[in-house]
Amino acid sequence: MRTEPEDEHILLIEDDPDDAELTSVALQKTNAQSSITIAQTAEKGLALLVQQGWTMIFLDHKLPGKSGLEILPEIRIRDPEAGIVMLTGPKDTEIAAADP
């Protein structure tokens, strides 16, 4: 096991403030011990990757500048141990159903 629950560091890369708040609240309810950091752009998210190891990364598909899919390979290189969950909206059904 990588870390104990109280040591969980979650990075949420999400540009929509409402979605970020909703996701943060849901994550805090599941594990109140975790720390959640929010980045509103792909560039800010990538910059945060070098600051510490992350237990989980929640990555929005549609971001300003680069998409979540565009930065996904970079995230895997910079933090290969982190679990990654892609987030997408209801209009992105082809992305949500994509085969890896």
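Arg78 and Glu74 both lie in helix α3, four residues apart, about one turn of the helix; helices are DSSP runs of H or I with at least four residues, strands are runs of E with at least two, and both are numbered from the N terminus. The structure is a predicted model, in which local features need pLDDT of at least 70 and side-chain atom pairs count only at pLDDT 80 or more, whereas totals for chains, interfaces and linings use all residues. Residues are numbered from 1 along each chain as its sequence is written, and side-chain values use heavy atoms, with hydrogens and water left out. The side chains of Arg78 and Glu74 meet in a salt bridge, with a distance of 2.6 Å from N to O. A salt bridge is here a side-chain nitrogen of Lys or Arg within 4 Å of a carboxyl oxygen of Asp or Glu, and a search of the whole structure finds one. An α-helix has 3.6 residues a turn, so residues three or four places apart point the same way. Arg78 counts as partly exposed, at 37% relative accessibility, and Glu74 is also partly exposed, with a relative accessible area of 31%. Buried means under 20% relative accessible area, exposed means over 50%, and partly exposed lies in between, with a 1.4 Å probe and protein chains only.

The chain has four helices and four strands, which follow the pattern β-α-β-α-β-α-β-α along the sequence. Of the 100 residues in the chain, 35% are buried. Contact means heavy atoms within 4.5 Å. Among contacts between residues at least 6 apart in sequence, 72% join residues at least 24 apart.

Helix α3 spans residues 68-78, and its buried residues are Gly68, Ile71, Leu72 and Ile75. Seen down the axis of α3, these residues fall within an arc of 130 degrees, so they line one face of the helix; the arc is that of the directions from the helix axis to the C-beta atoms. On the other side of α3, Glu70 and Ile77 are exposed. The cover over the buried residues of α3 includes β1 (9-13), α2 (42-49), β3 (56-60) and β4 (83-87).

Two strands pair if DSSP finds at least two bridges between them. Strands β1 and β3 pair in the parallel sense over four bridges, and Ile13 stands opposite Leu59 in β3. Strands β3 and β4 also pair in the parallel sense, over five bridges, and the bridge partner of Met56 in β4 is Gly83. The chain crosses from β3 through α3 to β4 in a right-handed β-α-β crossover; right-handed means that, with the strands pointing away from the viewer, the path from the first strand over the helix to the second runs clockwise. Strand β3 is mostly covered, with four of its five residues buried.

In α2, the buried residues are Ala42, Gly45, Leu46, Leu48 and Leu49. They cover an arc of only 160 degrees around the axis, which puts them on the same side of α2. Among the elements that cover the buried residues of α2 are β1, β2 (35-39), β3 and α3.

A nonpolar core is a set of buried Ala, Val, Leu, Ile, Met, Phe, Trp, Tyr and Cys residues joined through side-chain atoms within 4.5 Å. The largest such core has 15 residues, and those with the most contacts inside it are Leu11, Ile13, Ile57, Ile71 and Ile75. Two or more residues of this core come from each of β1, α2, β3 and α3, and α2 gives the most, with four residues. Not counting residues up to four places away in sequence, Leu11 touches Thr37, Ala39, Gly45, Leu48, Leu49, Trp54, Met56, Ile57 and Phe58. Another core, of six residues, lies apart from the largest one and includes Ile10, Leu12, Phe58 and Leu87.

Glu21 lies in helix α1, which spans residues 17-30. At 51% relative accessibility, Glu21 counts as exposed. Glu21 and Ile38 are 17 residues apart along the chain, and their C-alpha atoms are separated by 9.3 Å.
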